[in-house]
Amino acid sequence: MSAIASSIPELPRRRDSEESLLLDSTISVAEGDTTNTDIEGDRDDTFIRTQTRDKGRNLSSRSKIFGVELSPDNVAVAMVYFVQGVLGLARLAVSFYLKDDLHLDPAETAVITGLSSLPWLVKPLYGFISDSVPLFGYRRRSYLVLSGLLGAFSWSLMAGFVDSKYSAATCILLGSLSVAFSDVVVDSMVVERARGESQSVSGSLQSLCWGSSAFGGIVSSYFSGSLVDLYGVRFVFGVTALLPLLTSAVAVLVNEQRVVRPASGKKENITVIIPGFLQTSKQNMVQLWGAIKQPNVFLPTLFIFLWQATPHSDSAMFYFTTNKLGFTPEFLGRVKLVTSIASLLGVGLYNGFLKTVPLRKIFLVTTIFGSGLGMTQVLLVTGFNRQLGISDEWFAIGDSLILTVLSQASFMPVLVLAARLCPEGMEATLFATLMSISNGGSVLGGLMGAGLTQAFGITKDSFGNLSTLIILCNLSSLLPLPLLGLLPRDSPDTVPTKEDADIEMKSN
């Protein structure tokens, strides 16, 4: 893990439902492609129909980004993804608020960060709720509005009223819930719009989503540190409170048919909705468990969980770099910007060189190299880098850059593996569940790291055992390697699928 980038508490990566829905999208697109193959003989007819359809579309909107027309519906989708990316604006502010305003120790900060990730562990539940319980006649609009209002409410409390670690943890948890729920809703909208479209149109829509989220992340990385330096954390929380309102505002642009129910009274409607939701959820859970308990799904999932559930020293390193080395919020924001770009390089590394490498080999090599490179944090803690003539700032940037590229490249096989484990018919739900399990392992690793930080006596002012903690955490990442046999044995010449390509594009 990077000495700087990884030390900043953040929500779980948005890979779970994004990739699951993308996988679902590509499967439905593939079904459409079969139909196109059947009519391939009559190309003149196809050309005329295509031209007529395109003209009709151009009448509605001529502006395009990534090949996607900027219809109100697509603008709404892009804006929700942008908001999810730009909400990282408050990440540094939260870290400094817990450290400087609430005077929490690294272990307490790690616990709060881990608890704030809990809403991301039950994302399939949000999909069940959105699909089965329409609010005010809508399954998408209403939940986007509520998610935006919940996010604005939580960050407004952070800006003006929160003054204890318990209230801060509650507000951060609510903010995380709002992002996770809106994430599920907007991903379902992407699936709905991708069905029946050509692969090029589906890929363009996914590129628009990915580009919007990545742009929001880069913008937030650039300004997150400087705004904390200039105006303080409360100001950043106040600005962040305005961002979720964009999600609520663009919900009116969503093209969704109102769900019409028989006018038989509110009480009767409730008695119909609740049993229907419970019955649907029960059926989905039975089907989901039936898929997970299969050995070819359960065993690789167990490996992914254990691979993620190793302790890390992120919070302790954040306190060390700020309290001991004196890194400012502005500098940490620049480091975050560098690591955001480095994540893209990691995706490119996997896409260009590692696609056809067997999964077991990728996990083995990246885990060993990651553990070894993670030890470089010891050089920063002991000050040995200065004896080599490398300043703390440049060493931290280089360390973060290299480790982020490797971390991103090593996580890509997790996404591809989870995609391949999903049986036909329940791709989206099972993928989201698998990635929630992966996030659960990451949360457990963070809590274990908090326990070790406390056990080693590392506080906001005492870092005597930090080197030992770093070494132990990096060595622990090697523990799952004997279980590599749980993974499927892939051929080195495996041909990358369309699903894999879409996952790579959206993984950041």
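This is a predicted model: local features need pLDDT of at least 70, side-chain atom pairs count only at pLDDT 80 or more; totals for chains, interfaces and linings use all residues.
Me: How much of the protein chain counts as buried?

Reply: The chain has 508 residues, and 52% of them count as buried.

Me: How many helices and strands does the chain have?

Reply: There are 22 helices and 2 strands.

Me: What do contacts say about distance along the sequence?

Reply: Take contacts between residues at least 6 apart in sequence. In this chain, 87% of them join residues at least 24 apart. Aromatic pairs give you examples to look for.

Me: How many aromatic pairs are there?

Reply: The structure holds 13. One of them is F96 with F318, an edge-to-face pair. The ring centres are 5.3 Å apart, and the planes make 75 degrees. Edge-to-face needs over 60 degrees. This pair also links distant parts of the chain: F96 belongs to helix 4 (residues 91-101), F318 to helix 14 (residues 314-324), and 222 residues separate them.

Me: Why do F96 and F318 count as buried?

Reply: Check each against the cut-off of 20%. F96 has a relative accessible area of 7%, so it is buried. F318 is at 1%, so it is buried as well. Now go back to Y97 and F237. They form an edge-to-face pair, 5.7 Å centre to centre, with 80 degrees between the planes. Y97 lies in helix 4 and F237 in helix 10 (residues 233-242), so this pair ties together parts 140 residues apart in sequence.

Me: Which residues form a cluster with F96?

Reply: F96, F318 and Y319 make one aromatic cluster.

Me: How many residues of helix 4 are buried?

Reply: Helix 4 has 11 residues, and 8 of them are buried, so the helix is largely enclosed by the rest of the structure. The buried ones are L92, A93, V94, S95, F96, Y97, L98 and K99.

Me: Which way do residues along a helix point?

Reply: An α-helix has 3.6 residues a turn, so residues three or four places apart point the same way.

Me: What is the length of helix 7?

Reply: Helix 7 covers residues 141-160, which is 20 residues. From first C-alpha to last it reaches 29 Å, close to the 28 Å expected at 1.5 Å a residue.

Me: What does UniProt place at residues 141-160?

Reply: An unreviewed UniProt entry places a "transmembrane region" there. Residues 231-254 are 75% helix and 0% strand, with end C-alpha atoms 36 Å apart. Residues 463-487 are 44% helix and 0% strand, with end C-alpha atoms 38 Å apart.

Me: Where does the charged end of R141 sit?

Reply: Over the ring of Y138, 4.8 Å from the ring's centre.

Me: Which residues does S178 touch?

Reply: Set aside neighbours within four places in sequence. S178 is then in contact with S147, L150 and G151. S178 itself is in helix 8 (residues 165-194). With 6% relative accessibility, it counts as buried. Its C-alpha is 10.0 Å from that of F153, which is 25 residues away along the chain.

Me: What should I expect of phi?

Reply: Most residues other than glycine have a negative phi. So look for the exceptions. H103 is not a glycine, yet its phi is positive, about 55 degrees. H103 lies in the loop between helix 4 and helix 5 (106-116). F136 is not a glycine either, and it has a positive phi of about 55 degrees. F136 is in the loop between helix 6 (123-132) and helix 7.

Note on methods. Residues are numbered from 1 along each chain as its sequence is written. Side-chain values use heavy atoms; hydrogens and water are left out. Rings of Phe, Tyr and Trp (its six-membered ring) pair if their centres lie within 6.5 Å; planes under 30 degrees apart count as stacked, over 60 as edge-to-face and the rest as tilted. Helices (H or I, at least four residues) and strands (E, at least two) are DSSP runs, numbered from the N terminus. Buried means under 20% relative accessible area, exposed over 50%, partly exposed in between (1.4 Å probe, protein chains only). A charge sits over a ring if NZ of Lys or CZ of Arg is within 6 Å of the ring centre and within 35 degrees of the ring normal. Contact means heavy atoms within 4.5 Å. UniProt positions are given in the numbering used here, feature names are shortened, and annotations may be inferred rather than shown by experiment. The expected span of a helix is 1.5 Å times one less than its number of residues.
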